[in-house]
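Good morning, colleagues. Please take a moment with the sequence and the structure, and then I shall discuss a few of its helices.

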Amino acid sequence: MKKHLNHPIFKTISEEAQKLNIESFVIGGFVRDIFLKRPSKDVDILVLGNGVDFATAVAKRVGLEKRLAVFKNFGTAMLKLDDLEVEFVGARKESYRSNSRKPIVEEGTLQDDQNRRDFTINAMAIRLNDGSTFGELVDPFNGIIDLEYKTIRTPLDPDITYSDDPLRMMRAIRFATQLNFTIEEKSLNAIIQNKERIKIVSSERITDELNKIILSKKPSIGFNLLFDTGLLELIFPQMVALQGVETINGRSHKDNFYHTLEVLDNICRSTDDLWLRWAAILHDIAKPATKRYDQQHGWTFHGHEDKGARMVPKIFRQLKLPLNEKMKFVEKMVLLHLRPIVIAQEIVTDSAVRRLLFDAGEDIDSLMKLCHADVTTKNEFKIKKYKRNFELVQQKLKDVEERDKMRNWQPPVTGTDIMTMFQLPAGREVGILKNLVREAILEGEIKNDREEALNFIVQKGVEMGFIVYDRAPAPVDEENKKEA
């Protein structure tokens with residue numbers, strides 16, 4: 001293991017531990033990632049003694065006292081190097097109360113500390129003390145074997161481990177998803193038995209783990225585990241409501257839960273954007289609420305895109321997700337996700353494309369990714385048809401955008417222009433004229449050009465009985481003015 005401890009900080013820690021006559025170890029994720037051949041920038045240092053005092057001594061030794069952050073309430077300290085974040089803590093043992101996942105902490109031994117770890121693969125330690133034992137692996141729970149067999153297992157009784165700290169249930173599923181590991185059967189059953197305990201965990205901590213699952217290569221692994229263990233029903237019931245197939249008169253609809261997981265996995269192949277992945281999760285979230293059976297057409301979900309967009313803020317508040325432009329982006333994607341598909345199924349008119357560009361703005365590329373991901377049919381003929389139509393839509397988007405500049409469209413005539421032209425106060429009439437200009441441009445009646453828009457406004461204003469007092473001038477081109 002010595003070859004993996006070639007960073008100078010490990011030698012410094014070893015020498016300082018020898019000087020102070022205390023035992024030190026690197027433990028947890030850094031050790032695990034050595035065997036997984038994954039780079040790791042986070043190093044956990046465990047000492048049999050006071051972790052903060054030891055961290056202070058190490059920081060002083062390397063002249064980086066100003067980079068040391070001490071968290072006295074937690075008994076930890078963080079030393080930030082250029083390429084690593086090194087956290088120091090003293091070995092401890094923990095006991096829990098039934099109504100809280102915050103442990104009662106006492107000073108402990110290496111064995112106590114390894115016992116309290118969440119999984120065997122995170123309980124491995126490497127000795128750092130100078131001498132013959134430097135680099136020696138301490139693996140009392142055979143974590144290295146669990147890595148080899150790709151197994152998530154707790155060091156001690158999983159029933160106690162998950163009951164003590166229910167967030168570990170989410171972490172088990174997160175690691176299984178990220179690493180494509182299997183949760184050991186006894187451990188999986190313990191999660192099912194202890195699922196209700198997740199209620200004592202804050203929404204913020206749960207969502208943090210959920211986002212890590214969503215950002216993994218194949219999030220459906222995690223969502224299937226969350227569903228099968230019953231955790232998803234407790235933390236995100238709206239998604240569970242998508243599951244199931246109803247049949248009437250031999251006509252069935254698809255299972256929208258598993259369809260959503262397919263869409264999510266699909267979009268993960270083209271983007272790492274967490275919020276576009278959330279849009280994939282929520283794109284059909286209102287289908288249960290809008291599901292109807294029609295004798296002629298079968299199952300319908302009319303308006304699910306509009307109702308789904310209106311559900312987004314409530315879900316974001318529930319899950320403690322940000323209520324800012326990220327939420328607005330997801331709302332927009334859910335609201336518009338059918339539009340390119342509808343256009344692809346019909347004759348693609350310039351007007352329809354202009355409206356799509358106008359409504360999607362800078363997010364048009366993200367919307368097209370979502371629409372591509374939403375095609376989950378296994379019918380080869382339909383796949384080829386959708387692909388051909390999408391290519392047609394994308395070419396139209398490109399052509400119309402180059403010609404009409406509709407992305408992030410700003411009206412060429414403002415409300416102030418209109419008020420000046422007709423000596424009107426701000427009000428309904430100004431809004432009507434602004435809407436007429438917008439519709440004329442979107443329908444292709446006039447170009448997205450100020451001069452044409454001004455002429456159009458004069459004509460419509462006169463038709464509405466207004467008098468033209470002062471025709472608004474074209475804006476001054478400051479660059480050309482300077483050159484002149």
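This is a predicted model: local features need pLDDT of at least 70, side-chain atom pairs count only at pLDDT 80 or more; totals for chains, interfaces and linings use all residues.

Let me begin with helix α1, residues 8-20, which has 13 residues and spans 19 Å from its first C-alpha to its last, close to the 18 Å expected at 1.5 Å a residue.

Which residues of α1 are buried? They are Ile9, Phe10, Thr12, Ile13, Ser14, Glu16 and Ala17. The elements that cover them include the strands β1 (24-27), β2 (42-47), β4 (76-80) and β5 (85-90), together with the helices α2 (29-36) and α3 (51-61). After α1 comes Asn21, with a positive phi near 60°.

I turn now to helix α24, residues 450-463, and its packing with α23, residues 428-442: the angle is about 130° and the axes are 10 Å apart. The two helices are therefore oblique to each other, and α23 passes α24 in a right-handed crossing. On the α23 side, Leu433, Leu436, Val437 and Ala440 make the contact, while α24 contributes Ala453, Phe456, Ile457, Lys460 and Gly461. By class, these are seven nonpolar residues, one polar and one charged.

Helix α22, residues 415-422, also packs with α24, at an angle of about 45° and with axes 11 Å apart. That angle makes α22 oblique to α24. Here, too, the crossing is right-handed. Asp417, Ile418, Met421 and Phe422 of α22 meet Arg450, Leu454, Ile457, Val458 and Gly461 of α24. This contact has six nonpolar, one polar and two charged residues.

Key. Residues are numbered from 1 along each chain as its sequence is written. Side-chain values use heavy atoms; hydrogens and water are left out. Helices (H or I, at least four residues) and strands (E, at least two) are DSSP runs, numbered from the N terminus. The expected span of a helix is 1.5 Å times one less than its number of residues. Buried means under 20% relative accessible area, exposed over 50%, partly exposed in between (1.4 Å probe, protein chains only). Contact means heavy atoms within 4.5 Å. Axes are lines fitted to C-alpha atoms, for helices over the stretch in contact, and angles run from 0 to 180 degrees between N-to-C directions. Angles under 35 degrees count as roughly parallel, over 145 as roughly antiparallel, 65 to 115 as roughly perpendicular and the rest as oblique. A crossing is left-handed if the near helix is turned anticlockwise from the far one by less than a right angle, and right-handed if clockwise. Ala, Val, Leu, Ile, Met, Phe, Trp, Tyr, Cys and Pro count as nonpolar, Asp, Glu, Lys and Arg as charged, and the others, Gly among them, as polar.
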